[in-house]
Amino acid sequence: MNKLQIFIVSDSVGETGELVAKAAVSQFRPGLQDTSLKRFPHIETFDHIKEIVQLAKLERAMIVFTLVQKNMRSTLLKACAHAGVRSIDLLGPLMDTIESDLNEIPFEEPGLVRKLDEDYFKKIEAIEFAVKYDDGRDPRGLLMADIVLVGVSRTSKTPLSQYLAHKRYKVANVPLVPEVEPPEELFKVNPEKCFGLVISPDKLNSIRKERLIALGLNNDASYAKLDRIKQEIVHFDKVVSRIGCQVIDVTNRAVEETANVILNKIQ
């Protein structure tokens, strides 16, 4: 069986080129036996290209490359043709076609797809974090969070946590109830990343009544009474004073507005 040598040349990490090469080779050699794949990442100069082509000529290797800059692709193709080295351009033809179709100039910036993937997975991780540590379910999350929200019931803690998670921030939130002692971890959180959400008693009274009606319950329950709400807000004031965190009035603010206030403060 003939030995197969493939050099994978990239201006980023070379994962794409290696995956495509493996996919093609596996159709002939499922276990990649007698096959050598050598990756050359972060190739950014013409000198590097010339050195790799000369090495490929010596080792009788073919070159598979993913280079986003047109002049680098052109240089590599010419050097390979001059040295008699077989080469396969994986990105160039597709990029040229897209450029012609869109009538737009490509950025030619290496590693953009990798940045996109990293950004996506950070967002997913933050969303999962917000779900896991929502509503004080696990106080351990408070010390791992980028942002901690505290407030009485119906102050938009959960939707705000999810909105900030989509901005790639890990958010935990804790509901404050007079009958329940806040978790110890809450008082170990850096006050600069903790935000208390407060709302006017009248507005909260209206929101809670609507919530009870939506649940098919009597809107005259203690949960929605002004006296009870004022009692909860007094408790809230004591807790946030002890934490030393900033307080944001969310009475007439949309979730997006509150999020922007928080992001401006932490940035």
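Thr 158 is found in helix 6. The model described here is a predicted one. With a relative accessibility of 34%, Thr 158 counts as partly exposed, because that class lies between the limits of under 20% for buried and over 50% for exposed.

Once neighbours within four places in sequence are left aside, Thr 158 is in contact with Asp 134 and Asn 173.

## Helix 6 and helix 5

Two packed helices are described by the angle between their axes and the distance between the axes. Helix 5, residues 112-132, packs with helix 6 at an angle of about 165 degrees, and the two axes are 8 Å apart. Helix 5 is therefore roughly antiparallel to helix 6, since angles over 145 degrees fall in that class.

Helix 5 passes helix 6 in a right-handed crossing. On the side of helix 5, the contact is made by Lys 123, Ala 126, Ile 127, Ala 130 and Val 131, while helix 6 supplies Ser 161, Gln 162 and Ala 165. Sorted by class, the residues of the contact between helix 5 and helix 6 comprise five nonpolar, two polar and one charged.

## Helix 6 and helix 9

Helix 6, which spans residues 157-165, also packs with helix 9, residues 255-266; the angle is about 60 degrees and the axes are 10 Å apart. Helix 6 and helix 9 are therefore oblique to each other. Their crossing is right-handed.

From helix 6, the residues Pro 159, Leu 160, Tyr 163 and Leu 164 take part in this contact, and from helix 9 the residues Val 255, Glu 256, Thr 258, Ala 259, Ile 262 and Leu 263. The contact of helix 6 with helix 9 divides into eight nonpolar residues, one polar and one charged.

## Strands 5 and 6

Asn 173, a contact of Thr 158, stands opposite Leu 149 in the pairing of strand 5 with strand 6.

Strand 5 is mostly covered, with five of its five residues buried. In a regular strand the side chains alternate between the two faces of the sheet. In strand 5 both faces are covered: Ile 147, Leu 149 and Gly 151 are buried on one side, and Val 148 and Val 150 are buried on the other.

Elsewhere in the model, four strands form an open sheet in the order 2-1-3-4, with parallel pairing. Strand 2 (35-40) and strand 4 (87-89) stand at the edges with a single partner strand each, so one side of each has no neighbour in the sheet. Direction ignored, neighbouring strands of this sheet are turned by 20 degrees against each other on average.

Strand 3, residues 62-66, pairs with strand 4 in the parallel sense over three bridges. Within strand 4, Ser 87 is the residue opposite Ile 63.

## Helices on the sheet

Helix 2 (residues 46-59) lies across strand 1 (4-10), strand 2 and strand 3, and runs at about 175 degrees to strand 1. Helix 3 (residues 70-83) packs on the sheet as well, where it touches strand 1, strand 3 and strand 4. The direction of helix 3 makes about 175 degrees with that of strand 3.

Terms used
Residues numbered from 1 in each chain as written. Predicted model: local features only at pLDDT ≥ 70, side-chain atom pairs only at ≥ 80, totals over all residues. Heavy atoms only, no water. Axes fitted to C-alpha atoms, helices over the stretch in contact; angles between N-to-C directions. Helix = DSSP H or I, 4+ residues; strand = E, 2+ residues; numbered from the N terminus. Parallel < 35°, antiparallel > 145°, perpendicular 65-115°, else oblique. Left-handed = near helix turned anticlockwise from the far one by under 90°. Contact = heavy atoms within 4.5 Å. Nonpolar A, V, L, I, M, F, W, Y, C, P; charged D, E, K, R; others polar. Pairing = 2+ DSSP bridges. Buried < 20%, exposed > 50% of the residue type's maximum accessible area, 1.4 Å probe, protein only.
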